[in-house]
Amino acid sequence: MFKSLISVVIFALVCASSLKASAVEVAELDKSAVKVADRSQQEKNQALKQAMQDVVLKNTGNREALDAPLVQQAIAEPTAYIRQFGYQEREGQQYLQASFDHTKIINLLRQAQLPVWGKQRPLTLLWLAQENDGQRELLNDSSLSENRASIADFSQARGLPMLLPIMDLDDSMAISVNDVRGMFADQVAKASQRYHSDYFAMVSLDSTPDGQFSYNLTLYPASSEQPLFNPLVTQTAQVADVDAALSAIFEAISQYYVERYAIADSGEANTTQVTFIDITDRQQLLDIESYLRQLSAVKSVSLTRLQGITAEFSLQLFGSEEDLYRLISLEPRIHSQDKLNAEPMLDPLSSSQTPPQEYIWQGR
């Protein structure tokens, strides 16, 4: 498994070892690596188009974005968006690696009136019940299974952070493969608490007598304190192979997140103010402003008031205030004053939220 292909998942797996996982800031949203047969001009041109499709998909999370006329036009002539490209050989296979101008990509999506999915993304804990040498087991983060490698590849390609359980003694005592196959959400939710993910998914993957594979997927919020009756996502299907199943699973989960966290320009002049307290140095102000600027819901940021330990920022928004609050709820470095030790700060599943009056930045 290539290191460059699993950079997103590696972060998640490191967090699994420390049991301090949370929402992930996804890197390399402007890069793609595409297999090529040779270095001919024709092969290069086709690979660059594919690389740009990959980058557009990473930054929108929605395949329908590839059908937008402005996006199709740009993909047909990708050189205007490319910063650099080159070739690399890995285990006997040639790849064209391309890096794109991220600002130009985002501007293209905005011009096409498409939602933009920012860098801060939910972390999903995946409980996958699979067959291995005739035995059913739960896939763990140290497995040498091809499924683990495929999950890493899909995670990187879609910009969707995915965490696999450790399956140590604590996990083995808390959960069984039958809990996942039976979709016993409450039991799996309890076992998921130690990982501090934003969501958890249960997947049962089985081979069929005719040589195909069937899968069953459910997705739940990891932070809910209520009994889990209705999954956020549910999907059952029979497909040709494991890769087709995993592709469909990632597509379904990604689509749900895009609907919640990817922000399109509403065309309205929405503004709001965000106040931070306990400001002790200038670097905190710079870090807060940098964080706010990169949010996909934020059009512009200005510091409008600085008094003592309190700083107020004025934000112009692409979307609504509710969009902003959902994104902020994913950031582990931000807490509300009255819920400093609570998780999460806001309920990311609520469609109508009243933000805290003041925030505390707990960055570096």
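**Exercise 1. The chain as a whole**

Among contacts in the protein chain between residues at least 6 apart in sequence, what percentage join residues at least 24 apart? Describe also the model and its confidence.

*Solution.* Begin with the term: a contact means heavy atoms within 4.5 Å. With the sequence cut-off of at least 6 applied, 68% of the contacts join residues at least 24 apart. This is a predicted model, in which local features need pLDDT of at least 70 and side-chain atom pairs count only at pLDDT 80 or more, while totals for chains, interfaces and linings use all residues. Residues are numbered from 1 along each chain as its sequence is written, and side-chain values use heavy atoms, with hydrogens and water left out.

Next comes confidence: pLDDT is the predictor's confidence in each residue, from 0 to 100. The mean pLDDT of the protein chain is 88, and 87% of its residues reach 70 or more. Over residues 339-346, however, the pLDDT is below 50, and this stretch has 17 contacts in the model beyond near neighbours in sequence.

Finally, the protein chain holds eleven helices and 16 strands, where helices (H or I, at least four residues) and strands (E, at least two) are DSSP runs numbered from the N terminus. Of its 364 residues, 50% count as buried, that is, they have under 20% relative accessible area with a 1.4 Å probe and protein chains only, whereas exposed means over 50% and partly exposed lies in between.

**Exercise 2. Helix α10**

Which residues of α10 are buried, and against which elements do they pack?

*Solution.* Helix α10 (residues 282-294) has 13 residues and reaches 19 Å from its first C-alpha to its last, close to the 18 Å expected at 1.5 Å a residue; the expected span is 1.5 Å times one less than the number of residues.

The buried residues of α10 are Gln-284, Leu-285, Asp-287, Ile-288, Tyr-291 and Leu-292. Because they cover an arc of only 165° around the axis, they sit on the same side of α10; the arc is that of the directions from the helix axis to the C-beta atoms. These buried residues pack against β12, β13 (298-307), β14, α11 (321-328), β15 (334-336) and β16.

At the N-terminal end, Asp-281 caps α10, with a side-chain oxygen 3.1 Å from the backbone nitrogen of Gln-283.

**Exercise 3. Val-301**

Is Val-301 buried or exposed, and which residues is it in contact with?

*Solution.* Locate the residue first: Val-301 lies in strand β13. Its relative accessibility is 8%, so Val-301 counts as buried. Leaving aside neighbours within four places in sequence, Val-301 is in contact with Glu-289, Leu-292, Arg-293, Phe-313, Ser-314 and Leu-315. One of these, Leu-292, is also a buried residue of α10.

Definitions and conventions
Polar contact = N/O pair within 3.5 Å; in protein donor to acceptor, adjacent residues only side chain to side chain.
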